[in-house]
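Me: I would like to learn how to read a few features of a protein model. Please take them one at a time.

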Amino acid sequence: MDAKFRPGVFGMRRLEVMETKDAEAVHLRSIQLLEQMGIKVVSDEGRRLLKEAGAEVDEKTRVCRIPGSLVEESMKRCKRNFTMAARNPKYDFVLDGEHCYACTDGVGLATIDLDTGERRPSTLKDVADSAKIVDDLPMMHMYNPLVTPLDVPKHAHTVHEYLTALENCEKHYTTGSTYQREEAVFEIEMARAVVGGEKELRRRPIISSLTCTTSPMVLGMTTDAAIEFSRAGCPPLLMAMPLIGATAPMTVAGAVVLGNAQVIALATVLQLAAPGSPLCYSSEPMAMDVQSGLFEGLFPAADMVRAAHVQMAKRYGIPIFIGGWGTCSKAPDVQAGYEKAFSAFIAYLSGADMTSGPGLLENWTVLSFEQLLIDHEMFTMMADMLKGFSVDDDTVPLDVIREVGHEGHYMGKKHTLDHFREMWQPVVTDGRTYAEWKAGGSKSAVDHAREKAKEILRTHSAGPLAEDLRKDLKALVAEAEGAIPHK
């Protein structure tokens, strides 16, 4: 494995917000909702699959009442551990329940310009630049376009994003805004062109899809796209997005049950479409600010729902991808720091397999390149702490301690030099004295992050695509522009 690319957090200490009996109650109440109330399924194919499997389907209302036995059988079929493959195999990583990996999040519409510091509409160049930075950062493990480019055809923006990401990043790719089946078909075809065909993509899925359910109790138009990804062997990430107090009950428990019911209902549809295919549980709740009526992704109630959904994913034995790194701050400032650090640490402590959100501000809607570097710095600090430590003859060198004695020091000792590079090293954090900091221009962490981002963009480049492959991918994008419906 390349020395620059490091795996996720090791040895996670689990934070559990529910007792085992409460997690079981969440499951049983979710089943009760699906059996008695049912869930609205917009997808014709989804309803067909459910009906053939024994669900009660009302074609007029599109509400499907799903037997609990069918749900439980489907959850048992889900693939457990699997690899999130990358364009460059050295960046592959395995979802094994023992590591936590970081991913960017997507669909922001604005970017804070790296040169002017002003907000502006997002462009395809922002996708390219953010992909290049993620490719360079050793503890960023997969890329989801942080913004939607507004300078390409709206109906086909996802295929433009994928091509741009392939050109600038060799890591695993997650598409965060693929809503239509036709988009999924072209993205899958592009991935097949990269890896060498349908069979090879099934063996090494280099693309996954973030598929949102709709609260309360709807599987929307994204279901058809998720079915295409499942049948191709590429894992959909099944995201519940309950708004506590609006599209979900005003209680944490109510939001947990509602979101869980939606996720396991969609998992049932996908396992009927492609039995044994890989998929991930996913959660991105938001809580109401009772003073303003606005919704925020970082409030404690939302973090509790995330942590509870991690427990539910562990109960079902499947990986989970959750949004973290939440902030409603409008700039990379102190507020963004403490909000993001808290929400991210909750994600990792709860045992999430993957979490997302680095680089985004104002509830995941605005890209800041500086914040992307700062968030990566925070993740490396969390990873360093959560990996834990061993106690043995090497880590507790009694002979060296005796040699140093009561008033000596360990600088220059071989043991110190042997372990020197194991210590966490900052990239944007300034640990100098006040005098040195003042002499160096009194730069803030944001200043250091801006300089580092510009350095990466100036010096780093991903491994290039073969020219013939690049031409084929461009041809697929051009074809997609004419084939994907304008909705």
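Predicted model: local features only at pLDDT ≥ 70, side-chain atom pairs only at ≥ 80, totals over all residues.

Me: At what angle do the axes of α1 and α3 cross?

Reply: Two packed helices are described by the angle between their axes and the distance between the axes. Here α1 (residues 20-37) and α3 (residues 68-77) cross at roughly 125°, and their axes come within 9 Å. Axes are lines fitted to C-alpha atoms, for helices over the stretch in contact, and angles run from 0 to 180 degrees between N-to-C directions. Helices (H or I, at least four residues) and strands (E, at least two) are DSSP runs, numbered from the N terminus.

Me: Which residues of α1 and α3 meet?

Reply: Contact means heavy atoms within 4.5 Å. From α1, H27, I31, L34 and E35 meet G68, V71 and E72 of α3.

Me: Is H27 buried or exposed?

Reply: Buried means under 20% relative accessible area, exposed over 50%, and partly exposed in between (1.4 Å probe, protein chains only). H27 has a relative accessible area of 1%, so H27 is buried. Leaving out residues up to four places away in sequence, H27 touches E72, N260, M312, R315 and Y316.

Me: Where is S215, and what does its side chain contact?

Reply: S215 sits in the loop between β11 (207-212) and β12 (218-219). Its side chain makes a polar contact with the side chain of Q262 at 3.1 Å. A polar contact is a pair of N or O atoms within 3.5 Å; within protein, one must be able to donate a hydrogen and the other to accept it, and residues adjacent in sequence count only if both atoms are side-chain atoms. S215 is also buried, because its relative accessible area is 11%.

Me: Which helix holds V127, and what does V127 touch?

Reply: V127 is found in helix α4 (residues 124-136). Beyond residues up to four places away in sequence, V127 touches Y143, P145, V147, P149, E161 and T164. With a relative accessible area of 0%, V127 is buried.

Note on methods: Residues numbered from 1 in each chain as written. Heavy atoms only, no water.
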